[in-house]
Amino acid sequence: MTTERHIDHDSPMHQFVIGRLSDWQIGGLDISFSKAAAFMIAAVIVVTLFLTLTTSRRAMVPGRWQSVAELWYEFIANMIKETIGTEGRKYFPFVFTIFSFIVICNLVGMLPYSYTVTSHIAVTITLALAVFILVTVIGLTRHGLHFLSFFVPKGVPAVMLLLVVPIEVLSYFMRPISHSVRLFANMTAGHTMLKVFGGFVVQMGIFGVLPFALIVALTGLEIAIAVLQAYVFTILTCLYLNDAIHLEH
Amino acid sequence: MPQFWMEDFAPQMLWLVISFVALYLLMARVALPRVADVLESRSDRIADDLDQAEQLKQQAETVIAEYEAALAEARAEAQATLAQHAAEAAAAAEQRNAEVAERLAAEANAAAERIAAAKNEALAELRGVAAELAQAAAERLIDAEVPSATVEQAVDAAMREAG
């Protein structure tokens, strides 16, 4: 396995190596600490410190940073209110954690020499599966077997149901795949592209100014994508939760 | 691609679960209640301020209403006083008119009585003169001495006939 795992240091893909820092095993389970784990924990610390420190003054008229914390809170609160409604309040901490974790991991990944946690399918599929399992459990506990009617669209002729029901079931089970691959692919593609153009800057000598200008523009775009993809992941989470809670199809 | 190195999946997922659960607990127990508290106390404060403003507005309106009521009352009182005085003046004028009218009537009556008396006196005198004249005429013309009573009776009848 180790031979397969070698990757050239100059490769644009080298940035995605999780960078093991220890080699811990418990009962055959690999729990090695790595750069990836360090950045996940960093994201937890950044989010927590930001939200607690900015609100420590509890100012009536918020300062710049407290306003950011409040906007952040209200952004997710409004998203839930608009997509799910009042029943969504229960899931607010979960949705808020999803958004905050992803957006901070994405943005921290934009810093030079850092690592992007969300560029790994292992991470995004775990998040997507957590959402998928939560949504399915909510659907089944709230509606029981009636939840299965979700796969049977109203007003479809009986003959067509033979075709439609399997498609609905398949699309339901495809959700965690599309949900996770969208984020992983965006992060991987963006960072790879930046690295590739970075290589061009070095190779092209004086003409490297052109790819350098492109990198500046792409970096702006990537920051926008970092926020946008976190938003997309979160709003999809909300929509899936809404499906399970309201069973409207 | 390092993303498909299967042996890296387990440690990543494990640390993801640990950090995600930690973040969830920190958010749910610490950070979110804190932000919610700030937002809530602000909206409470704004609601309080609005309430207070509303109260002050109502107070001001009460004061204005009281002032207007007092003004209206004063105006009504002034009008009432004016009306009373006007009525009193009218009554006094009426009374004076009545008194004057009464006095004039009394004077007119007295004058009429005096006239009547003078007339009666004049008539009485006339009767006497007429009677004496008639007696003297009768004596002179027919040389008959008519008794005064008869002459007076005749004069009376003639005067009654003349009205």
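The legends below describe close-up views of a predicted model.

Local features need pLDDT of at least 70 and side-chain atom pairs count only at pLDDT 80 or more, while totals for chains, interfaces and linings use all residues. Residues are numbered from 1 along each chain as its sequence is written, chains are lettered from A and ligands numbered from 1 in the order in which they are written, and side-chain values use heavy atoms, without hydrogens and water.

**View 1. A:Arg20 and A:Asp30 meet in a salt bridge.** The N to O distance is 2.9 Å. A salt bridge here is a side-chain nitrogen of Lys or Arg within 4 Å of a carboxyl oxygen of Asp or Glu. By this rule there are 7 salt bridges over all chains. A:Arg20 sits in the segment before strand S1 (25-26) of chain A and A:Asp30 in strand S2 (residues 29-30) of chain A, so the pair ties together parts 10 residues apart in sequence. Helices (H or I, at least four residues) and strands (E, at least two) are DSSP runs, numbered from the N terminus. A:Arg20 is partly exposed, with a relative accessible area of 29%. A:Asp30 is buried, at 11%. Buried means under 20% relative accessible area, exposed over 50%, and partly exposed in between (1.4 Å probe, protein chains only).

**View 2. B:Asp8 and A:Arg20 meet in a salt bridge.** Their N to O distance is 2.7 Å. B:Asp8 lies in the segment before H1 of chain B and A:Arg20 in the segment before S1 of chain A, so the pair joins two chains. B:Asp8 is buried, with a relative accessible area of 0%.

**View 3. A:Asp243 and A:Arg175 meet in a salt bridge.** The N to O distance is 2.5 Å. The pair links distant parts of the chain: A:Asp243 in helix H6 of chain A and A:Arg175 in helix H5 (residues 158-203) of chain A, 68 residues apart. Both A:Asp243 and A:Arg175 are buried. Elsewhere, salt bridges with shared partners join A:Arg20, A:Asp30 and B:Asp8 into one network.

**View 4. A:Phe75 and A:Tyr231 form a tilted aromatic pair.** Over all chains, the whole structure holds 22 aromatic pairs. In this pair, A:Phe75 and A:Tyr231 are 5.7 Å apart centre to centre, with 35° between the planes. Rings of Phe, Tyr and Trp (its six-membered ring) pair if their centres lie within 6.5 Å; planes under 30 degrees apart count as stacked, over 60 as edge-to-face and the rest as tilted. The pair links distant parts of the chain: A:Phe75 in helix H2 (residues 64-83) of chain A and A:Tyr231 in helix H6 (residues 209-246) of chain A, 156 residues apart. A:Phe75 is partly exposed, at 34% relative accessible area. A:Tyr231 is also partly exposed, at 31%.

**View 5. Ring pairs build a cluster in chain A.** The cluster links A:Phe50, A:Trp65, A:Trp72, A:Tyr73, A:Phe92 and A:Phe96.

**View 6. Acidic residues of chain B form a negative surface patch.** Its residues are B:Glu40, B:Asp44, B:Asp48, B:Asp51, B:Glu54 and B:Glu61. Patch residues have over 30% relative accessible area and no salt bridge, with like charges joined within 9 Å. B:Asp44 lies in helix H1 (residues 9-141) of chain B. B:Asp44 is partly exposed, with a relative accessible area of 44%.

**View 7. B:Glu73 is found in helix H1 of chain B.** B:Glu73 is exposed, with a relative accessible area of 54%. B:Glu73 and B:Gln59 are 14 residues apart in sequence and 21 Å apart in space, C-alpha to C-alpha.

How values were computed: Patch = residues over 30% accessible without salt bridge, like charges linked within 9 Å, V, L, I, M, F, W, Y side chains within 5 Å. Areas by Shrake-Rupley, 256 points an atom, 1.4 Å probe, with all protein chains shown as cover. Lys, Arg positive; Asp, Glu negative; His and termini not counted. Charge placed at Lys NZ, Arg CZ, Asp CG, Glu CD.
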